[in-house]
Amino acid sequence: MRYFKFQLHQLLTNRKNLAVIGIALVALLCQFIFFPPNKVPAELPTRNALTRDRDKNMAFVNEPHGSMTAKWVPATREFANIETRMLKAQKQQHTQSYVKATLHYLAFLGQNAANPDAQSSPFHYPLSYYFENRQYPDADAAFANATMYRSLEPLAKQAHPDIATVKQQTFWQTLFRGASGGWLTALLIVTILFANDLLTSEQRHRSIARLLPVSPWYAINYKTLTVFTALSGFLVVVVAIIAAFVIPQHGLGSLSAAIAYYAKDGMSIKLDPLALGIALPMLLGLTVLLMWLFIRLNLLCQLLFHNELVGLVISAFLLFGEPLYFMHGLAFSVPQTAYYLPGYMNPAAIISGLQNFRYDTSRMSPLAAVVVIGSVILILELVLFIVTHRRRAAIIK
């Protein structure tokens, strides 16, 4: 325990680690101030956007048409009527009517929006998907549209659904949306930076090991526990900041609120509701596994190479290496990519089924993530055990 307290003190007084914590917290504060992570999803247009689009569609219906554009008049009139219903429900603050009209709105776009098979359609998904330099904007927008529809279906059955829940702005929903939007990647980066020089600092200052003698295996385990303890405190602060921004305005929300899980069953597609009370613990579990993996990986690299740079490079490759094969289309022609570790670096994408959608598979499930990540962890543990139990093995050499 004395060694653990010493390591925790060293970790939390390290200037690099303090800088990492400070930058992460400032970035989180700036995000809530300038780019709120719980803003209304693009799939739910604002009143101004709805009014503009409805007026534009009605003008299109009422103007004279040639043979090429006349075929779109009935569909445009139907779409304008749906938008009018949404605006009326918003004005009357009748949430159930708004949800039902929104479901028709999303279903209409899902059937008629411009895509590679219907490029002449005047209807389109939210334009933000096309302004963000995405590689597959149509596919990303279609997935978001379908999952939003599935998550709203249970709310349409409620007499008075909460508007903050409809717009996915409650505390629990914000946690999941933030995880999907990059918070977990930032947490894994902090984990890597915390673990990056745990051993090399003792290799540079040999007096530390002499003052606190401990076997290499126990030293490695204490250091892992130290990082987890520091990260737990960091997470408590982060969650407190999120709660302070979200709960007073939008409320805590309900853990029974659902997200949609995408999967394939043979040639058919399934979108099943998944309660946040189940999704968030699964998300936490996969995140803890990844944190453990990166901590042990960096410790092993420092043991073997006595240099923190090697672990940093390997960790960066795992964390950001997926585009090397996904963006070049290899993932669609080589089924084995569903078992590659870099494809499981975003737990939120696994929980929502986004990875299943991107890879057109049903194999990238939460269970598959546990198997792939857990297998790598077992290999790391075995190598660490062998290295630390070799004759004359020691942390300091």
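A contact, as the word is used in these legends, means heavy atoms within 4.5 Å. This is a predicted model, in which local features need pLDDT of at least 70 and side-chain atom pairs count only at pLDDT 80 or more, while totals for chains, interfaces and linings use all residues. Residues are numbered from 1 along each chain as its sequence is written, and side-chain values use heavy atoms, with hydrogens and water left out.

**View 1. Ala164 and the residues that it touches.** Leaving aside residues up to four places away in sequence, Ala164 touches Gln169, Thr170, Gln173 and His250. Ala164 belongs to helix H8, residues 163-166, where helices are DSSP runs of H or I with at least four residues and strands are runs of E with at least two, both numbered from the N terminus. With a relative accessible area of 7%, Ala164 is buried, a term for values under 20%, as against over 50% for exposed and in between for partly exposed (1.4 Å probe, protein chains only). Ala316 stands 152 residues from Ala164 in sequence and 37 Å from it in space, C-alpha to C-alpha.

**View 2. The protein chain as a whole.** The chain comprises 19 helices and two strands, and its C-alpha atoms fill a box of roughly 85 × 50 × 30 Å along the principal axes. Of its 397 residues, 47% are buried. Among contacts between residues at least 6 apart in sequence, 72% join residues at least 24 apart.

View 3. Residues 18-35 are 94% helix and 0% strand, with the end C-alpha atoms 25 Å apart, whereas residues 367-387 are 100% helix and 0% strand, with the end C-alpha atoms 30 Å apart.

**View 4. Confidence along the chain.** The predictor's confidence in each residue is given as pLDDT, from 0 to 100; its mean over the protein chain is 87, and 90% of the residues reach 70 or more. Where pLDDT is low, the predicted coordinates should not be read in detail.
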